[in-house]
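Visitor: Could you walk me through this model, please?
Guide: Gladly; let us look at it together.

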Amino acid sequence: MKKIVIAIDGYSSCGKSTTAKRVAAELGYAYIDTGAMYRAVTLYFLQNHVSFTNPKEIHKALDSIDISFHYNPKAGRNEVYLNGLNVEDEIRKMYISNQVSEVSVLVEVRRAMVAQQQKMGRKRGVVMDGRDIGTAVFPDAEVKIFMTADVDTRARRRQQELLDKKQLVNLDEIKANLEKRDLIDSTRTESPLRRAEDAYLLDTSYMMIDEQVEFVLNKVASKVLVNDFSE
């Protein structure tokens, strides 16, 4: 079976990462969490006091950043490493969420991350989730999904994720953070968050993860079957 690229874009806390991981596992594909890459860059910038408005500092910092993914068999997940250190848990904290959109809007950062992501997916057989995968990173992806959900549902899901990690955050604060990120992501000049013309819309407001995974797998099956019969 010919391997393809599956691009899953959309807003925060729609279930993108969970769905993408499950789809990748079902297909035996690699999973790449591009949002985690921007979170890792944000962590580095904050730890090293990199000014978001100083191009020289940003360029120098990007040259010093190495991001990789390693599978943790005990946790059953891919984890993010920043310059050799496991930062998976740290990058999921609220203080990173509050800053990540301001970092990811930077042109230098986006171009550096997009180049890395394209290199990771060059051999196909990947599921990538993020904000601009189907529009900027892999506009030629064979299957594109754009996920959305109402902001109240997303805020409740995000709060539960944080509670599972023993982080108690007020629901209103989470909702405000999501709305701020939506605005920044959708209005930035470089690779804004938008639905690709050929992306399937998936509203997860009232869907379980199993249903979301089934939706994506059905689109993949349809695409692969069409390709197989046309060759």
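**A glycine, a helix, a sheet and a pocket**

Guide: G121 sits in the loop that runs between α6 (107-120) and β6, where helices (H or I, at least four residues) and strands (E, at least two) are DSSP runs numbered from the N terminus. This is a predicted model, in which local features need pLDDT of at least 70, side-chain atom pairs count only at pLDDT 80 or more, and totals for chains, interfaces and linings use all residues. Residues are numbered from 1 along each chain as its sequence is written, and side-chain values use heavy atoms, with hydrogens and water left out.

Visitor: Is G121 buried or exposed?
Guide: Buried means under 20% relative accessible area, exposed over 50%, and partly exposed in between (1.4 Å probe, protein chains only). G121 has a relative accessible area of 0%, so G121 is buried.

Visitor: Which residues is G121 in contact with, leaving aside its neighbours within four places in sequence?
Guide: Contact means heavy atoms within 4.5 Å. With those neighbours set aside, the contacts of G121 are V5, V126, M128 and F138.

Visitor: Which residues of α9 are buried?
Guide: α9 has 17 residues and spans 24 Å from first C-alpha to last, close to the 24 Å expected at 1.5 Å a residue; the expected span is 1.5 Å times one less than the number of residues. The cover over its buried residues includes α2, α4 (94-97), α5 and α8. Those buried residues are I174, N177, L178, R181, D182, I184 and D185.

Visitor: In β4, what is the bridge partner of Y71?
Guide: Two strands pair if DSSP finds at least two bridges between them. β3 and β4 (residues 77-82) run antiparallel and are joined by six bridges, within an open sheet of three strands ordered β3-β4-β5. In β4, Y71 has as its bridge partner N78.

Visitor: Which element gives the largest share of the lining of the largest pocket?
Guide: On a 1 Å grid over the protein atoms alone, a pocket is an open set of points where a 1.4 Å probe fits, with protein on both sides within 12 Å along at least five of seven lines, and lining residues have an atom within 4 Å of a point. The largest pocket holds about 820 Å³ of space, a volume being the space filled by probe spheres set on the points, which are joined across faces, edges and corners. Of its 37 lining residues, the closest to the centre are S13, S17, D33, R92 and E161. The largest share, five residues, comes from α2.
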